[in-house]
Amino acid sequence: MCGIIGIVGTKPVAERLIESLKRLEYRGYDSAGVAGVVGGHVQRRRAAGKIKALEAVLADDPLVAKVGIGHTRWATHGGPSTRNAHPHTAGRVTLVHNGIIENYAELREMLKGEGRSFDSETDTEVIAALVDFELSGGKPPLEALKAALDKLSGAYALAVVIEGEDEFIMGARKGSPLVVGYGDGEMFLGSDALAVGPFTNRIAYLEEGDYVAIDRHQARIFDVHGQPVLREVRQVAASAALVEKGNYRHFMEKEIHDQPEGCQRTIAAYVDTLTDRTAIPGGIDFAALERIQIVACGTSYIAGLLGKYMIEQLADLPVDVEIASEFRYRQPALRGGSLVIAMSQSGETADTLAALRYCQAKGMQSAAVVNAAESTMAREVDVVWPIHCGPEIGVASTKAFTAQICVLTSLAVAAARARGRIDEAEEQRLVRVLLGAPRLIAESINLDSAVRAVAAEIAKAQDVLYLGRGPMYPLALEGALKLKEISYIHAEGYAAGELKHGPIALVDEQTPIVILAPFDSYFEKSASNMSEVMARGGQVVFITDPQGERQAPAGARVVMTAPGSDPLITPLVMSAPIQLLAYYVALQKGADVDQPRNLAKSVTVE
Ligand code: F6R
């Protein structure tokens, strides 16, 4: 969850460390710090809070070093204070860490027994102390690092500098990603391609258990057994370097508006526009599949749930969707003939990765729907189904969600055709419908001013309910998740049919109820739910389409009318209003939209 950068440069690195940390802030923003080697001595600068606070520290007390490491933190062990901020130092060793060391308490006791003391509450300081312990036993730096790594259990990506060593940085990876960047007479370590994006696009991804030493000219990489290895150096897409807000106030706002284009690019990769047929890369035989298992977390899980509705209905192919953190530990019964699909914007979410690996170990074919095409999941699956919405920086996922839905919709149509559930003409009709989605998404983003008007009222609420039936049920979950995470208002999404089984007790005049009800086969039932809620004083925000608006019972507090669409793409068209609603409510509340409290964009710890 934390972000790491390391530079062995030919010129001072402090400014570049900060530039990189700003790109990494999506991984955590509780505190930040840098350290550099100056004349053989290691100097640190650290600050609680965001990178801005660290910049202020550096302005007062500059760091002039050509070799340095940096870190932005998402707190696990120990609160978000300066004392707990990375880099951590023990003796000659200073390092930054992303991950969680599970046996840190045990190691800490062992090291205390050796007379060592600790300044912070972190698990990271224990790694520094352990490497220093090995160094003081007389081992050279790389051997000392390896000896320490062998004693750690848990997950780590590390960048390490050593007092007295002006020329190199060491790194290691297990469970958390780390890349080596190859520059021009300079070398880099980083959590991902984005971190080193401003400096180089030539990157090698370290593999599980690898450790490395970089100097100005080379990277010496060793595998988990200590054997020297070569890891392929790839040229990564320039898009990794393109992360600007443009004229928008927040990345989230920009990313909501990016959706028509992101969906268009994604759909184009899964259909053939000459023939209006689906064209799914990877050669999966949908006719032969008995079942699909989707594993994911958060918004990606909700996209997976929508996939289940579409694939089962169109293709008559059973789909199970499960939250990865549950799936990975409950020993699910799996059978042959199944395909596991990991859904993940980042491609690095620890629980999703573990669930994916569990299925692979059971012999299942595997696929990943990811945004980060070079991520761990993308590299470990049989088939990668990338989304093409560009880097998503806002912590609340928006454009990745709709792009994931585009992939799943294409898969549903392709599977339906492969399994003989639809003929070619129907496949072509559905593909044309899908190709029309970006235009309708753009129209539904135009609801912006209607949403803004209702946001002021919702911002006063303590609780908000979201209701939907059929595919609008997952969207109700997504609406509630978005509102919770960026406005800190308690919200719940329910299948509208569940209303009478409990949640209706929550209905009162103070609780806004957002009902998602396009004019589809569920409309009449959703309209009845609306009447039931209003009869109990509930204030309804009714999100529908033009025909739904005409047919809806009178009395809603607000009606928002998205464009009408074929049911195949209604979830795509109805997404923008709920995203905008959360966005404008958060603005009303003055919340930090792009970096909500306690969250991080990429959850690489379980
Ligand atoms: C919510 C959100 C999170 C992520 C979840 C999974 O807006 O962004 O719930 O969806 O952490 O992340 P990925 O998709 O990277 O696996």
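This report walks through the domains of the model, the interface between two of them, and a few side-chain pairs.

The structure is a predicted model, in which local features need pLDDT of at least 70 and side-chain atom pairs count only at pLDDT 80 or more, while totals for chains, interfaces and linings use all residues. Residues are numbered from 1 along each chain as its sequence is written, and side-chain values use heavy atoms, with hydrogens and water left out.

**Domains**

Let's start with the layout of the protein chain. Its domain assignment gives domain 1 (3–244), domain 2 (255–435) and domain 3 (443–588); such bounds come from an automatic or database assignment. The centres of domain 2 and domain 3, taken over C-alpha atoms, are 26 Å apart.

**Where domain 2 meets domain 3**

Here 26 residues of domain 2 are in contact with 23 residues of domain 3, contact meaning heavy atoms within 4.5 Å. About 2,000 Å² is buried between domain 2 and domain 3, and carbon and sulfur atoms give 76% of that area. Buried area is the accessible area (1.4 Å probe) that two parts lose on being put together, summed over both. Of the area that domain 2 buries against domain 3, Ile256, Ile302 and Tyr309 supply 26%, more than any other three residues.

Five residue pairs are in polar contact across this interface, both residues at pLDDT 80 or more. A polar contact is a pair of N or O atoms within 3.5 Å; within protein, one must be able to donate a hydrogen and the other to accept it, and residues adjacent in sequence count only if both atoms are side-chain atoms. On the domain 2 side, the elements giving two or more residues are α7 (251–257), α8 (259–268), α9 (298–315), α13 (399–418) and α14 (424–435). Helices (H or I, at least four residues) and strands (E, at least two) are DSSP runs, numbered from the N terminus. The largest share of that side, eight residues, comes from α9.

**Salt bridges**

The whole structure holds 36 salt bridges, each a side-chain nitrogen of Lys or Arg within 4 Å of a carboxyl oxygen of Asp or Glu. One salt bridge is counted between domain 2 and domain 3. Here are two examples from the structure:

| Salt bridge | Closest N and O atoms |
|---|---|
| Arg429 and Asp566 | 2.9 Å |
| Arg231 and Glu207 | 3.5 Å |
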